[in-house]
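Here's a quick briefing to read alongside the model. Have the sequence and the 3D view open, and we'll go through it topic by topic.

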Amino acid sequence: MTTTTTETTERVGLMMSGVTLLHADGENEVRALDDVSLTVRPGEFVAVVGPSGSGKSSLLAVAGGLIKPDAGRVQVGDADLVTASKRDLATIRRTQIGFVFQSANLLPALTAIDQLRLPLTLGRVAEPRDPMQMLEEVGMADRADRRPHQLSGGERQRVGIARALMTRPRLLLVDEPTAALDSKRSQEVVALLAREAHKHGVATVMVTHDRDVLHHCDRVLQMTDGKLAPVDEV
Amino acid sequence: MFLALRELSFARGRFALMGSVVALIAVLMVLLSGLSVGLVNDGVSGLKKLPVSSFAFEAGVDESAAFTRSMVEIDKAEMWVDVPGVADAAPFGLTLVNTRTDRGVDIDLALFGVELDSWLLPTAATGSDLSGPGQILLAGTLADEGVAIGDVVVVDQIDKELEVVGFVDGQHTFGHVDVGYVDLSTWQEIRAGARPGDEVPNHVYRWVTAIAVLNEGDAEPDVAAADEMAGTTTMTLEESFGASPGYTAEVMTVQMIQWFLYAISALVVGAFFTVVAIQRRQEIAVMRAMGASTGYLLRDSITQSVILLVVATAVGLGIGLALGAGLSATEMPFALYPSAVAAASAFLVLLGLVGAAFGVLRVTRVDPLTALGASR
């Protein structure tokens with residue numbers, strides 16, 4: 001298994017230990033996650049690679065409080081995701097966790113600047129970032145009034161990253177951010193992710209197929225049949 | 001509100017389409033409401049304007065045709081006056097006749113026969129009050145149709161002549177026919193088919209259509225006991241509307257159309273918001289993953305449907321009222337009552353919301369997991 005460094009609670013972005021997730025596949029029970037342990041420090045940018053169906057998405061779902069594991073502990077900041085109620089999970093996702101989705105998944109009705117305002121309307125946010133400043137940070141200030149269909153794939157992904165950071169989350173979960181991008185845009189987007197993770201001290205977990213972007217990451221892990229293992233050569 | 005308003009403006013074409021359907025239904029609602037009130041007025045406005053609490057008809061009379069069938073002895077009025085809680089009771093005659101004025105205007109009339117000193121008799125708004133046999137006091141609306149004071153109205157077949165002495169104010173109709181007040185004895189002669197100069201047998205003067213009863217204030221007389229005692233069947237004024245020709249059928253037809261419209265509107269709005277919710281599934285999943293609570297998503301979608309319904313209904317209401325103002329000026333039986341129109345509009349919005357709720361509730365069933373790439 002992987003890292004077992006003992007961090008103090010304040011220094012933990014994400015802490016998963018002994019996490020097992022089962023799901024039924026016909027009559028068989030498949031271990032989507034098999035005794036997975038993973039700790040990500042604030043500001044650390046970790047990539048998880050692996051073939052489809054290896055459990056990468058399950059890892060994000062469990063770390064993001066979207067599914068509860070069948071065994072193990074999951075902690076984001078000082079919030080325990082396993083014991084939290086459904087309602088509390090929504091609050092934890094809203095305030096502590098940022099998601100960056102495959103194709104950005106922006107809302108078609110909203111302009112870039114409104115995409116960033118949206119997370120702040122969902123409920124009380126302790127220290128919201130300034131939407132315009134955030135857009136500037138991802139190089140999209142001049143596109144503030146454009147809607148998603150007026151943006152390129154790379155631009156949409158930049159807005160998606162900015163949106164995920166609006167509430168100053170402890171943990172940023174990134175799902176195949178380069179799936180819809182050419183290699184130049186892929187490099188730019190992942191470089192941006194690395195920069196934001198380091199700058200804001202956000203523990204970041206990125207799931208990807210794309211081995212060409214791994215050199216931006218602090219650490220790379222390999223997922224195989226629900227098991228997580230470190231990869232040495234980056 | 002944040003998202004609801006931005007989506008309304010972004011997808012304005014789609015929402016405008018839906019809004020027009022609701023607005024058109026609202027227009028139809030206003031017109032039907034006007035027609036319904038108009039038909040009611042046309043059917044029973046003459047009765048509504050009588051200062052009457054109830055009518056005592058012949059015992060066991062067919063209630064849907066009481067005014068045309070009932071025959072009550074005139075002296076039962078005295079029996080009714082003595083009933084506790086009854087302020088006054090007076091004989092009342094009603095019959096429908098075809099007439100023609102001496103200037104050649106054909107008019108159908110509902111003749112209301114009342115005693116000259118009766119509390120049932122209205123005062124004239126123009127001309128003079130009814131003061132003797134052979135006179136007639138007409139509904140004000142007839143003045144617009146070429147009838148004037150001093151004209152003589154001739155009852156078809158029996159050639160009975162009635163002199164127009166005045167008009168009462170406003171619309172007085174019964175069964176879509178204008179009302180004319182005549183002296184009770186004159187009414188009894190016409191009802192008996194007596195021609196001028198005929199020898200009228202005494203028994204003709206013993207019968208009237210009903211005894212009109214006026215209660216004392218809010219008193220509720222023991223109607224069953226009084227009916228038993230006097231040998232009558234009593235209907236309240238409102239109940240007696242059903243005895244006006246065609247009244248029940250007309251009111252029911254219009255009401256049925258209105259109910260269908262409400263149902264159609266609720267279903268159409270429901271279908272629309274269901275489709276919108278299905279189309280937004282991915283968006284909703286993303287918002288849920290971002291931590292949007294069910295309450296937030298419901299509030300947002302419901303705000304959207306309220307805005308759509310209220311704006312569309314208001315627009316429809318405006319168009320309907322404008323059209324209605326035009327219709328009121330025509331021969332159509334059409335009258336808009338603010339309370340009826342307001343109730344219809346509120347109901348349209350309310351039922352639309354019930355429909356929308358069915359679509360909107362789908363947002364609660366979206367799994368945030370679908371926001372993540374493929375399956376786990």
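How many bridges join strand β4 (residues 71-76) of chain A to β5(A)? There are 2 bridges, and the two strands run antiparallel. Keep in mind that this is a predicted model. Below, we start with the sheet around that strand pair and then move on to the salt bridges.

**The sheet in chain A**

- β4 and β5 belong to an open sheet of 4 strands in chain A, which goes in the order β2-β1-β4-β5 with antiparallel pairing.
- β2 and β5 (79-80) of chain A are the edge strands, and each of them pairs on one side only.
- Helix α1 (residues 56-63) of chain A packs on this sheet and touches β1 (14-25), β2 and β4 of chain A.
- If you compare directions, helix α1 of chain A makes about 120° with β1(A).

**Salt bridges around E44(A)**

- E44(A) forms a salt bridge with R41(A), where the closest N and O atoms are 3.9 Å apart.
- E44(A) also forms a salt bridge with R219(A), and here the closest N and O atoms are 2.7 Å apart.
- Is E44(A) buried or exposed? E44(A) is buried, with a relative accessible area of 5%.
- R41(A), on the other hand, is partly exposed, at a relative accessible area of 35%.

**A salt bridge in chain B**

- In chain B, R206(B) forms a salt bridge with E73(B), with the closest N and O atoms 3.0 Å apart.
- R206(B) is in the loop between α5 (184-191) and β11 (207-208) of chain B and E73(B) is in strand β2 (residues 72-73) of chain B, so this pair links parts that are 133 residues apart in sequence.
- Both partners count as partly exposed: R206(B) has a relative accessible area of 41%, and E73(B) comes in at 23%.

**The wider picture**

- What links R158(A), K184(A), R185(A) and E188(A)? They are joined in a network of salt bridges.
- Searching the whole structure turns up 20 salt bridges over all chains.

Technical notes:
Residues numbered from 1 in each chain as written. Chains lettered and ligands numbered in written order. Predicted model: local features only at pLDDT ≥ 70, side-chain atom pairs only at ≥ 80, totals over all residues. Heavy atoms only, no water. Salt bridge = Lys/Arg side-chain N within 4 Å of Asp/Glu carboxyl O. Buried < 20%, exposed > 50% of the residue type's maximum accessible area, 1.4 Å probe, protein only. Pairing = 2+ DSSP bridges. Contact = heavy atoms within 4.5 Å. Axes fitted to C-alpha atoms, helices over the stretch in contact; angles between N-to-C directions.
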